Amino acid sequence: MTTPLTLHEEVASALRDGHPVVALESTILSHGLPPGRNLDVAHRLERVVRDGGAVPATIAVLDGRVVVGLSPAELERVCAPDAGLDKLSLRDLGPAVGLGRSGATTVASTSALAAAAGIGMFATGGLGGVHVGAAQSWDVSADLGVLAKVPTVVVCSGVKSVLDIPATLEVLETNSVPVLGYRTDDFPAFYLRSSGHAVGWRVDDPKQAAAVVAAHRAFADSGVLLANPIPEASEMDKELHDRLLAEGLALVAERGVHGADVTPVLLEHFHTASGGVSIDANEALVLNNAKLATEVAVALA
């Protein structure tokens, strides 16, 4: 049995006519931003894509249906304080659809669903990666494995500094996923513009990025990671960042938190202990990534 995707008519029409479409995830809305602000950011993300000349396609699973391109009412539902949405990685899509559940899609599931719908461009905040201590825990984000298998371009601000960044870059290399730095030679670390680790390749404008993507697709089926640093004005102060990270890691150890629960606990600490600075940074970088993804999608089209 195949499960059809429910495409918003605007998205379906754009794909039929060869117009650029940019996929957007729903987990950042349902699980990453506070109620009220999440809906505002959702509307702003879609507006950024439209203003750049592309069609936005926010993706979620609603009552067992995979919806590619949410209506205004569906967007409100995803952002509602009492939405109660599951967080769905690629492994969770089958159970959620089969059981008629509702959930928000992560980088892994959004990348796969975008590819299935014929959308090659996806803008998000940060990529998942290899967790510190993965040699013992085997805790590696599904995002990396999915990027190895689907041809989606993921525009993000690198990975969060709590992850093992050198190991993450090694896994991407092993899986033939090119990592492009946008106007930078350094791999970004989400709230910080540089992780201190180099990227393999640099591109300085959307046309260069589009040329690389088109050429890569001629040789490989894997995705492309376009690493776009947070805007300079929105970068978190390094001293504040390092203090919050140390406190967060101590909190995780104290509570005995493991696996997929680590990142939400750390993010919650960043959000509360920074007085909202981290939420401002998160918003700025994801909007910036949506803008770049749109520019590259237009150049590709």
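Asp-139 is buried, because its relative accessible area is 18%, and the limit for a buried residue is under 20%. The structure is a predicted model.

**A residue listed as a binding site**

- Asp-139 is listed by UniProt, in an unreviewed entry, under "binding site".
- The loop between helix H7 (134-137) and helix H8 (142-147) contains Asp-139.

**Residues listed as an active site**

- In an unreviewed entry, the UniProt annotation "active site" covers Glu-25 and Lys-160.
- Of this set, Lys-160 belongs to the lining of the largest cavity.
- Glu-25 is placed in the loop between strand S2 (21-24) and helix H2 (27-30).
- With a relative accessible area of 8%, Glu-25 is buried.
- Leaving aside neighbours within four places in sequence, the residues in contact with Glu-25 include Thr-58, Ile-59, Phe-122 and Gly-125.

**The cavity**

- The structure holds 1 cavity of 30 Å³ or more.
- The largest cavity has a volume of about 70 Å³.
- Among the residues that line the largest cavity are Lys-160, Ser-161, Tyr-191, His-241 and Phe-270.
- Helix H11 (238-255) and helix H12 (262-273) each provide at least two residues of this lining.
- The largest share of the lining, 3 residues, is that of H12.

**The second largest pocket**

- The volume of the second largest pocket is about 290 Å³.
- It is lined by 14 residues, of which Glu-173, Val-177, Pro-178, Val-179 and Gly-200 are the closest to its centre.
- Helix H9 (residues 165-174) supplies the largest share of the lining of the second largest pocket, 5 residues.

**The nonpolar core**

- In soluble globular proteins, nonpolar side chains tend to be buried together.
- In this model, the largest nonpolar core has 95 residues.
- The residues with the most contacts inside this core are Val-22, Ile-119, Leu-127, Leu-172, Phe-187, Leu-225 and Leu-226.
- Helix H13 (residues 277-300) gives the most to the core, with 10 residues.
- Apart from neighbours within four places in sequence, Val-22 is in contact with residues including Val-49, Pro-56, Ile-119, Met-121 and Ala-297.

- Asn-282 is found in helix H13.
- Its relative accessible area is 5%, so Asn-282 is buried.
- Leaving aside neighbours within four places in sequence, Asn-282 is in contact with Ile-28, Gly-32, Phe-190, Tyr-191 and His-271.

- Helix H1 (residues 9-17) has Val-11, Ala-12 and Ala-14 as its buried residues.
- Seen down the axis of H1, these buried residues fall within an arc of 165 degrees, and therefore they line one face of the helix.
- The face turned away from the buried side of H1 carries the exposed residues Glu-9 and Arg-16.
- Strand S1 (5-7), strand S2 (21-24), strand S3 (55-62) and strand S4 (65-68) are included in what covers the buried residues of H1.

Key. Residues numbered from 1 in each chain as written. Predicted model: local features only at pLDDT ≥ 70, side-chain atom pairs only at ≥ 80, totals over all residues. Heavy atoms only, no water. Buried < 20%, exposed > 50% of the residue type's maximum accessible area, 1.4 Å probe, protein only. Helix = DSSP H or I, 4+ residues; strand = E, 2+ residues; numbered from the N terminus. Arc of directions from axis to C-beta. Contact = heavy atoms within 4.5 Å. UniProt positions renumbered as here; feature names shortened; annotations may be inferred. Core = buried A, V, L, I, M, F, W, Y, C linked by side-chain atoms within 4.5 Å. 1 Å grid on protein atoms, 1.4 Å probe; cavity = no way out; pocket = protein on both sides within 12 Å on 5 of 7 lines; lining within 4 Å. Points joined across faces, edges and corners; volume = space filled by probe spheres on them.
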